[in-house]
Amino acid sequence: MITRPHFHRRGLLSLLGGTVLAAGTFGVGRAADGPVAAQAGDGVLTIEFDTALNSRLVITGTEGARTRLCDFEPSETVTLANGRVIDSFFLTEQKRASVNDAHGKGVRHTIRGVSAEGLEKTVDLTFYDRYPGFPLLLTTWRLTRGEALSIKSYRMGGHTLRASGSGFWSWSGSTHADRRDWVQPVREGFDQANFMGMNASDYGSGTPVADVWRPDAGVAVGHVELTPKLVSLPIVATASGASVALVVDHAESLKPGESLTSVNAFVAVHRRDYYATLDAYRRVMADRGLAAPRAPDGAYEAIWCAWGYDRDFTVAEIEGTYGKVKSLGFEWAVLDDGWQTNEGDWALDPRKFRSEADMIAFAGHIRAAGLKPKLWLAPLAVDPGSDLLHDHTDMLLLDQNGAVQDVSWWNAFTLCPAYPPTRDYTQALVRKIIGEWGYEGLKLDGQHMNGVAPCHNPAHNHARPEESVEKLQDFWKLVYDTAQEANPKAVVEFCPCGTSYAFHNLPYTNQVPASDPLSSWQVRLKGKSLKALMGRDAAYAGDHVELSDGGDDFASSVGIGAVISTKFTWPHEGRGKDANFLLTPQREAVWRKWADIYNARMLPRGRYLGELYDIGFDKPEAHAIEKDGRLYYAFYAPHWDGTIELRGLGRGVYRLTDYVNGVDLGTATADAPRLSARFDRSLLIEAIAVRGEGE
């Protein structure tokens, strides 16, 4: 169906005169009210356009009530090299057509308009039956006449969620050297660019999604390209609300007859927090061919890591800990950093392993103790002074000035992942570790692994410098596939040291940790995020419990369905700046209790129900998991004395137990899901159906 609006010439000239100059990211807003000239939508989201192709978002509730989330504003714009923003387009056409593709059945709405400069804008919004409230967005700008336009950047999905008086929370998928929270309140002055390239020498990339929400609804934007793109997803607190957008720097001179087509993007609305957005994004990307693999059984088993002994470990002290590790119920023994002479050569440190036979024997001793061996590795890092760097400077990633990309943590440099010799060298190393030395897992570690800068090394003959950025995921696919070929049950852990995970790398790992969390809050928010991005039963690990609040917060891992992990030392104290890892008798009792709880329930293998609670606005913070017909709830607060709500209960009566302390908490039903509770730090509840409906 095609509809062509009818306007007289005077009205057309008036509208075309609305093109504005704007200094900020979000341009100049439009009036909140005005005639709706075109619209596209489904049962959850309606996107309305006025006659200048400004748009606003309207969400429909379960009972049909419609809530206007945004005012009319220029959502898809072009910024010229001189700073002028073209953001007003006279509506000329709207049409719709049925589609049936990789995402299923849906409807594509096409809205078209033209600016005073002769720049025609076409907005395609495709709503799919399987993804209500989550349309895919593609915009094309075509110059129809006049002089060439020198384009600097373009913007998509620019919307400001109106203030409701209750504040805002946000989720950002970008990476930062300060390892900030992915979930943050949006207060006055909040302004985060969320650039998906390098934000420091070795911190970059991420998940290309930005989400803001208030208690009743949220708005998100992102892209669904199959490779990483150097886009920004700014979240900005404004006078009227919280704004999101997708911005792409794109220098191009557009001549008459030429077109500029945007990245494939989306705009979405949702209830409660960001979980629904990331879950839908994951499923859309799976339709397009990118999905995390199923985790092997071993990925869910409790982890002990020798990092408590630091780099200066001795083989004897590590091997002397195995008996205690096994008796406590942990199944993995991880040899961390320090087995090698340097990053790059990956030669054995002769003070610890005189030959490869010693390393093979070391892995064998772990298995003999009833444990599984995993080895730490930091691919793409090469140290100054290494033989590899001396002999193969051609493997380095170089910027446009010929400078190296630093890996700050190890005083190392970055190798180019798109250069075949780098790939070949790493593949041979992985084959040796898994296939010859006998390790059953890899701990891939380092913030530099998450993203790299464009590579200008002339030896690589890249078609474009961005090949290094876009082919990083192919490098990790090579590592993952090589490990799986050597051992189909191999656990390939990806730990980008405090960064926000790059989604395009996640299909090539089957275990992800909290990655050096700075708090128990980060353990939980990262768990919720990665369960959304990888699947409800993703093998997410809480990382060393010693990094949590108090160094003993197993409840944050167990309650959200994370694999438990520790780096305790025994019978002697460990090493390092903050060494305090000795398993004292008091700690042993705590560690044993939580390992027993974890192994008895194995909650990571359940279905994480992230849509039930809002991690920002719900108090106390709450999480839920369904496993084997039972529901498990976890509540967190420094101190709580009040009511809690058990959402998601089915029919019948549920018996409630504080399964950490073995305390009967009574019963609850879907009609009466609230109970009084008093706790410090955490309360973990098991809900078992004891009577069905009508019994």
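Alanine 541 stands opposite valine 563 in E36.

First, the ground rules. This is a predicted model, in which local features need pLDDT of at least 70 and side-chain atom pairs count only at pLDDT 80 or more, while totals for chains, interfaces and linings use all residues. Residues are numbered from 1 along each chain as its sequence is written, and side-chain values use heavy atoms, with hydrogens and water left out. Helices (H or I, at least four residues) and strands (E, at least two) are DSSP runs, numbered from the N terminus.

Back to E36. Two bridges join strand E35, residues 540-544, to E36, and these two run parallel. Strand E26, residues 303-305, also pairs with E36 in the parallel sense, over two bridges. Pairing here requires that DSSP finds at least two bridges between two strands. Tryptophan 304 stands opposite threonine 566 in E36. As for side chains, Val563 and Ser565 point one way from E36, residues 563-566, and Ile564 and Thr566 point the other way. Are these residues buried or exposed? All are buried, where buried means under 20% relative accessible area, exposed over 50%, and partly exposed in between, with a 1.4 Å probe and protein chains only.

Next, the helices. Two packed helices are described by the angle between their axes and the distance between the axes. Helix H2, residues 275-287, and helix H10, residues 520-534, have axes that come within 7 Å and cross at roughly 30°. H2 and H10 are therefore roughly parallel to each other. Which residues make the contact? From H2 they are Tyr275, Leu278, Asp279, Tyr281 and Arg282, and from H10 they are Lys528, Ser529, Lys531, Ala532, Leu533 and Met534. By class, the contact of H2 with H10 has six nonpolar, one polar and four charged residues.

On terms: axes are lines fitted to C-alpha atoms, for helices over the stretch in contact, and angles run from 0 to 180 degrees between N-to-C directions. Angles under 35 degrees count as roughly parallel, over 145 as roughly antiparallel, 65 to 115 as roughly perpendicular, and the rest as oblique. Contact means heavy atoms within 4.5 Å. Ala, Val, Leu, Ile, Met, Phe, Trp, Tyr, Cys and Pro count as nonpolar, Asp, Glu, Lys and Arg as charged, and the others, Gly among them, as polar.

In H10, 15 of the 15 residues are buried, so the helix is largely enclosed by the rest of the structure. Glycine 535 follows H10, with a positive phi near 125°.

Four strands form an open sheet in the order E3-E4-E5-E6, with antiparallel pairing. Strand E3 (38-41) and strand E6 (66-68) stand at the edges with a single partner strand each, so one side of each has no neighbour in the sheet. The twist averages 25° from one strand to the next. Strand E4, residues 45-49, and E5 pair over five bridges in the antiparallel sense, and phenylalanine 49 has serine 55 of E5 as its bridge partner.

Leucine 57 lies in E5, residues 55-60. Why does leucine 57 count as buried? Because its relative accessibility is 0%. Not counting residues up to four places away in sequence, leucine 57 touches residues including Leu45, Ile47, Leu69, His159, Val219 and Val269.
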